[in-house]
Amino acid sequence: MNSEKKKPIKVAFPHMGNVYIAWASALRKMGIEPVVPPRSSKKTLELASIHSPDSICLPYKLVLGNFLQAIQDGTDYVAMISSPGICRLGEYGQSIKNILKDMGFENKYVELQLYDGFKGMYKFLKELSGVKNPLTVIRAINIAVRKMFVLDRIENIFSYYRAREITVGTAEKHYKQALKYIYDVEKTSQLKKAEKKAIQEIKKTEIDEKRDVLNVDITGEIFLVQDSFSNQSIEKELGRMGVQIRRSLTVSGFLKDAIIPKIFKKGETHLERANRMAKPYLMRDIGGDALESVSDVAFANESGTDGIIHVSPFTCMPEIMSQNIFPSMRENCEIPILTLILDEQTGKAGYITRLEAFVDLMRRRKLYKQKKKNCTVSNTEICNQAESKNM
Ligand code: SF4
């Protein structure tokens, strides 16, 4: 009798924030060994830049770099999430496949049609693993999707604590530990307990509850919003300045639109909100996350947020369009907007200066609004005089 067990196949996915945690659990459920590439870094970028087309967008290079590093680490397959996209996203899959083919790695490339929704994910996992039991595949999708929602909830709590922490870096230390708790969970039934444990971990951070914190939304191209390497740790920098972040574009929000069947959806999805709120300014999808970005500005304005930051990669056409729409929104939206275009050449010092200036502007605006609110009818004139001196 052959006692040697068949080795599980190894599959790698590209990084995008904490998505690797959800993917790893889905793959493990299917009997596949997940290969998590090293976190994106300069090395990732250098490796990819040699093989990438000129002036291609930053997310492409990082995805390719992740794949090349995973291949170096011995993965059997690299899994590309493909989409029909109006922008270059529609070409990503074929282009990366061609590059890998030229390098002799063609047979390592597999593709997931995520935009085929639940069906696409089901087919992908089934074919990749060879597992025929539909229940196993459904369980794998279920745990991945649920983990993504948990991760996004934890992210919000982390953001609250980071903006108020007394010692810089403590919230992040606890957050990293919290992520480990979620990563290790194997069963959906254990997820609630792990989420509680993760939240308790973050709550260990010593904070100043009374700190005057600003609330800022972040929108733009989804990869950049999620990926701390390409957005130059924008959330960490803002947290240090006492800013609590709310990501307008989340992976769980995307999954709610793309994967979760309609009957299980509660409330308005992000895409539905985008279609509703972008309307006066942008009438249809023009690719990427432009529709969402425009609507997120209108939403942030309506919800009284202190400001909104729009991040996009250099040469990203859909986001160039949305940035050009923002000025015309100023008629109805008084919220401060900061637009940041990023690529591998973006210098950190100038970038931080822009963030600091924006935070300063939001603080003065908040103060001005508070003062105005405190002015009673009888002292309106005095207040107006004070305002004109201040502003
Ligand atoms: S949305 Fe922008 S960055 Fe993303 S693939 Fe399209 S062009 Fe590139």
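Mentor: Before we start: domain bounds here come from an automatic or database domain assignment. This is a predicted model, where local features need pLDDT of at least 70, side-chain atom pairs count only at pLDDT 80 or more, and totals for chains, interfaces and linings use all residues. Residues are numbered from 1 along each chain as its sequence is written, and side-chain values use heavy atoms, with hydrogens and water left out.

Trainee: Okay, what domains does the assignment give for the protein chain?

Mentor: Domain 1 (10–132), domain 2 (149–208) and domain 3 (212–360). The C-alpha centres of domain 1 and domain 3 lie 25 Å apart. Their contact, meaning heavy atoms within 4.5 Å, takes 24 residues from domain 1 and 23 residues from domain 3.

Trainee: Why do we say the ligand lies between domain 1 and domain 3?

Mentor: Because domain 1 and domain 3 both give residues to the shell around it. A residue is near a molecule if one of its heavy atoms lies within 4 Å of it, and the residues around the ligand are Cys 57, Cys 87, Arg 88, Leu 89, Tyr 92, Glu 221, Gly 288, Pro 313, Cys 316 and Pro 318.

Trainee: How many residues of that shell are nonpolar, polar and charged?

Mentor: 7 nonpolar, 1 polar and 2 charged. Ala, Val, Leu, Ile, Met, Phe, Trp, Tyr, Cys and Pro count as nonpolar, Asp, Glu, Lys and Arg as charged, and the others, Gly among them, as polar.

Trainee: Now the helices. Why are α7 and α8 called roughly antiparallel?

Mentor: Helices are DSSP runs (H or I, at least four residues), numbered from the N terminus. Axes are lines fitted to C-alpha atoms over the stretch in contact, and angles run from 0 to 180 degrees between N-to-C directions. Under 35 degrees counts as roughly parallel, over 145 as roughly antiparallel, 65 to 115 as roughly perpendicular and the rest as oblique. Helix α7 (residues 170–184) and helix α8 (residues 191–202) pack at about 170 degrees, axes 8 Å apart, so they are roughly antiparallel. By class, their contact has 8 nonpolar, 2 polar and 3 charged residues.

Trainee: And what makes α2 and α3 roughly perpendicular?

Mentor: Helix α2 (residues 42–49) meets helix α3 (residues 58–72) at an angle of about 95 degrees, with axes 7 Å apart, and therefore they count as roughly perpendicular. Their contact has 7 nonpolar, 6 polar and 2 charged residues.

Trainee: What angle do α12 and α13 make?

Mentor: About 80 degrees for helix α12 (residues 270–277) and helix α13 (residues 290–302), axes 8 Å apart. That makes α12 roughly perpendicular to α13.

Trainee: Where is confidence lowest and highest in the protein chain?

Mentor: On pLDDT, the predictor's confidence in each residue from 0 to 100, helix α16 (residues 380–390) is lowest at a mean of 56, and α8 highest at 98. The chain's mean pLDDT is 91, and 95% of its residues reach 70 or more.

Note on methods
Helix = DSSP H or I, 4+ residues; strand = E, 2+ residues; numbered from the N terminus.
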